[in-house]
Amino acid sequence: MADPKYNSKTVAKFINMVMERGKKSTAETIVYGAFDIVKQKLNEPDALKIFHKAIDNVRPRLEVKPRRVGGATYQVPVEVKQERGNSIAMRWMRDFARGKKGKAMVEKLAEELMFSYKGEGSAIKKRDDMHKMAESNKAFAHLRW
């Protein structure tokens with residue numbers, strides 16, 4: 001089901017992710033408010049384009065999955081499918097926005113979206129760390145199945 005304002009399934013998914021205790025209208029207010037702030041600050045008319053670029057910047061291409069082989073557990077690097085990558089990216093942006101202190105959630109989310117759009121901030125650092133982990137364990141790539 002797509003969201004009412006932008007008719008986008010990705011935005012609807014993000015709203016559901018931001019939602020707490022079933023309060024969807026509050027989550028919509030937060031997400032749409034954050035989009036408006038981002039549109040103003042970046043001087044970009046299309047908030048959807050900003051949102052999709054932010055997700056694409058944060059989305060991990062590789063992750064590590066633990067595999068048990070002969071009593072030892074190896075961290076095996078595997079590619080991340082687009083759908084899962086988008087979910088991870090949205091989750092990271094939401095969690096880092098929630099973790100900030102001293103502002104309204106709308107402002108925190110807008111800030112996180114702007115950082116992700118520009119290719120900086122906590123979510124981008126987390127993606128880079130995940131890629132580093134996958135890179136350092138690529139010797140075990142032959143163990144994936």
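The largest pocket holds about 160 Å³ of space; a pocket is an open set of points on a 1 Å grid over the protein atoms alone, where a 1.4 Å probe fits, with protein on both sides within 12 Å along at least five of seven lines. Its volume is the space filled by probe spheres set on the points, which are joined across faces, edges and corners. The model is a predicted one, in which local features need pLDDT of at least 70 and side-chain atom pairs count only at pLDDT 80 or more, while totals for chains, interfaces and linings use all residues. Residues are numbered from 1 along each chain as its sequence is written, and side-chain values use heavy atoms, with hydrogens and water left out.

**First selection: the pocket.** Select V18, M19, E20, R21, K23, T26, A27, I30, R98 and M105, which line the largest pocket; lining residues have an atom within 4 Å of a point. Colouring by class shows 5 nonpolar, 1 polar and 4 charged residues (Ala, Val, Leu, Ile, Met, Phe, Trp, Tyr, Cys and Pro count as nonpolar, Asp, Glu, Lys and Arg as charged, and the others, Gly among them, as polar). The largest share of this lining, 3 residues, comes from α2, helices being DSSP runs of H or I of at least four residues, numbered from the N terminus.

The largest cavity has a volume of about 30 Å³. Which elements give two or more residues to its lining? They are α2 (24-42) and α3 (47-58). Next, select F35, V38, A47, I50, F51 and L113, the lining of the largest cavity. By class, these comprise 6 nonpolar, no polar and no charged residues. Finally, highlight α3, which provides the largest share of the cavity lining, 3 residues.
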